[in-house]
Amino acid sequence: MNRPAGAVAALRSRLTELAGWRRILAALVLGALSALMLPPFHFLPLGVAALTGLVWLIDSARGPRGAFAVGWLFGFGHFLAGLYWIVNALLLFGWQYLAVYPIVVGFLPALLAVFIALTAAALRLTPLDGPARILAFAGWWVAFEWLRAVLFTGFPWNLAGYAWTFSDGMIQLASLGGVYGLSFVTVASFAMPALLADGARPRRAALS
């Protein structure tokens, strides 16, 4: 194993061996970091780190239920960080909407996190390895993004494809596949570095 791949494998090992509150915190932090790849920040390397880490956590989860839990924690961190603007908007009216702050801060991210949790569980149930596994991850991500955008009147906020709104070149891809096609390219490319550690990747935990 070459040195870069060995370093990535070591990082994967440290992340997937976390347990208890450390694993919970890691999933939450990765989710929050993933929100920073979106407007107005566009910190794309953080998106790469976050989605790569999520794939590793899913692979090391104990079955679909464990993957669902990891995905929900990631999603909660993602939407908690990504929906900060709603609270900012409410603060313009002072404290008269104080009663709805807990809903915005807690309930809405918790609800939206279910879509990423379902993505994680679906990937854990997908019997693929290598690049096909990452493409499946991107496919499931986009499928549940689309559902989030249409169910219950829809909430198409923080779609992965929005990460490229600063790039005239990249957003041209939306003319071919729409924002969901751009989301697929984004998630697939950002999560692909997870494969660098596959040479040292232990067998997945048994489904339970």
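First, the ground rules. The model is predicted: local features need pLDDT of at least 70, side-chain atom pairs count only at pLDDT 80 or more, and totals for chains, interfaces and linings use all residues. Residues are numbered from 1 along each chain as its sequence is written, and side-chain values use heavy atoms, leaving out hydrogens and water.

Now the pocket. On a 1 Å grid over the protein atoms alone, a pocket is an open set of points with protein on both sides within 12 Å along at least five of seven lines. Lining residues have an atom within 4 Å of a point. The largest pocket holds about 260 Å³ of space. Helix H1 (3-16) and helix H3 (44-59) each give two or more residues to its lining. Among the lining residues are Val 8, Arg 14, Trp 56 and Pro 193.

Helices are DSSP runs of H or I, at least four residues, numbered from the N terminus.

Is Tyr 101 buried or exposed? Tyr 101 is buried, because its relative accessible area is 10%, and buried means under 20%, exposed over 50%, partly exposed in between (1.4 Å probe, protein chains only). Leu 111 has 44%, so Leu 111 is partly exposed. Tyr 101 and Ile 86 sit 15 residues apart in sequence, and 9.2 Å apart in space, C-alpha to C-alpha.

Key:
1 Å grid on protein atoms, 1.4 Å probe; cavity = no way out; pocket = protein on both sides within 12 Å on 5 of 7 lines; lining within 4 Å. Points joined across faces, edges and corners; volume = space filled by probe spheres on them.
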